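Dear colleague,

Please find the structure below, handed over for your records. My notes on what was found in it follow directly after.

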Amino acid sequence: MRRFEEITRELDPPFAVADLDAFDSNAADLARRAAGRPIRVATKSVRCRDLLQRVLRTPGFAGLMCYTLAEALWLHREGLSDDALVAYPTADRSALRELAADPAAAASIALVVDSVDHLDLIDAATGSARPKIRLCLEIDASWRPLPGLHLGARRSPVHTAAQARRLAESVVRRKGFLLVGLMAYEGQIAGLGDAPPGRPLKAAALRWMQRRSAAELAERRAEVVRVVRALAPLEYVNGGGTGSLEGTAAERAVTEVAAGSGLIGPTLFDGYRAFRPRPAVLYALPVVHRPAARIATVFGGGYLASGPPGADRVPTPHWPAGLQLLATEGTGEVQTPVAGDAARRLRLGDRVWFRHAKAGELAERFTHYHLVAADRLTGTAPTYRGEGKSFG
């Protein structure tokens, strides 16, 4: 971090930095973990066009996993990729009409669906005089070991092979659609660190749950793929996430995996045994108060991450080492106090460096990332916000 301090000494905080060496190292490690399976880049974890272009040039990465159709259309127009999957169902009628009016975009972008209602919505928005709309069925990847017990994200009503077959039959019978893929995101495995610091009992319980969930899902996913492939020649079967690349890539039924957060290395990914991404994006805040000998107050900082409220969704002071947030104040919209012996040495105008809890959400707070490679600033890269794009 002293290197960052020297490199950025002329910049006035608040500002955010992308460490390209760490980013490239993380990309190479993700490719190693995927063991030959192509990695589709989860754009919501990056939200910076320059960084997306950079990782797509890295061996082992192919295609985009977008979070809105409007985003996918924009990235298609910008020439980033001719293979995009919108991994969340859309109800954006304007974007659907734009997709239907652009044959090249319609040939490059697939929409995720999990019900006939999605087909009805697309038809109502676009009419019949259109190119075929490419579709990907989303399968629920949660683990249901007992009736009423649901472990994982609630993303799709399609859980069994029989349900997947019925939906696939509806798609292939319907004019104006082309079934090209399947996806399933096992959030209870990929999104939960199996080594939470200082909580050995929770870690053991998580690993027990994840082993059994992975075994059940591998068998069920293979059956889903078998029955759907009998109806349509699928181009891809997507699964996994940063936290589960090794296991998901090992499934014969899976043809590609998805990852994004592992490129950035936010604090939510500090609690995994199998890997540890390097922090690739950090931000600096200036000291503006010295209310006590062991407390310094920085400007801003209340960049909370989405998800269930808790300490793991709060930004973490990264440097100087040893600083902590105050339990009674946390991070504030306008100011954030940090405490510890290291605070004694901080003076007005000094920087405190933070890491965000989630990967892409920091890009909603800054218009640009300052790019660092080796020992120098190499330029800046606009975030989606900096390009005037809001897809939330």
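Predicted model: local features only at pLDDT ≥ 70, side-chain atom pairs only at ≥ 80, totals over all residues.

Residues are numbered from 1 along each chain as its sequence is written, and side-chain values use heavy atoms, with hydrogens and water left out.

Strand S6 and its neighbours

The pair belongs to strand S5 (residues 109–113) and strand S6, which run parallel and share four bridges. Two strands are taken to pair if DSSP finds at least two bridges between them; helices (H or I, at least four residues) and strands (E, at least two) are DSSP runs, numbered from the N terminus. On S7 (residues 177–184), S6 has a parallel partner joined to it by six bridges, and there Arg 134 has Leu 178 as its bridge partner. The chain passes from S6 through helix H8 (residues 161–173) to S7 in a right-handed β-α-β crossover. S5, helix H7 (residues 116–126) and S6 likewise form a right-handed β-α-β unit. Right-handed here means that, with the strands pointing away from the viewer, the path from the first strand over the helix to the second runs clockwise.

Six of the six residues of S6 (residues 133–138) are buried, so the strand is largely enclosed by the rest of the structure. Buried means under 20% relative accessible area, exposed over 50%, and partly exposed in between (1.4 Å probe, protein chains only). In a regular strand the side chains alternate between the two faces of the sheet. Ile 133, Leu 135 and Leu 137 are buried on one side of S6, and Arg 134, Cys 136 and Glu 138 on the other.

The barrel and strand S3

Eight strands close into a barrel with parallel pairing, in the order S2-S3-S4-S5-S6-S7-S8-S9. From one strand to the next, the twist averages 30°. Such angles run from 0 to 180 degrees between N-to-C directions, and axes are lines fitted to C-alpha atoms, for helices over the stretch in contact.

In S3 (residues 61–66), five of the six residues are buried, so this strand too is largely enclosed by the rest of the structure. Three parallel bridges link S2 (residues 39–42) with S3, where Met 65 is the bridge partner of Ala 42. Three bridges also join S3 to the parallel strand S4 (residues 84–86), in which Val 86 is the bridge partner of Cys 66. S3, H4 and S4 make up a right-handed β-α-β unit.

Helices H4 and H5

Helix H4 (residues 69–77) packs against helix H5 (residues 93–100) at an angle of about 35°, with the axes 9 Å apart. Leu 69, Ala 70, Leu 73 and Arg 77 of H4 meet Ala 95, Leu 96, Glu 98 and Leu 99 of H5 in this contact, where contact means heavy atoms within 4.5 Å.

A buried loop residue

Thr 331 lies in the loop between strand S13 (324–325) and strand S14 (335–339). At 15% relative accessibility, Thr 331 counts as buried.

Yours sincerely
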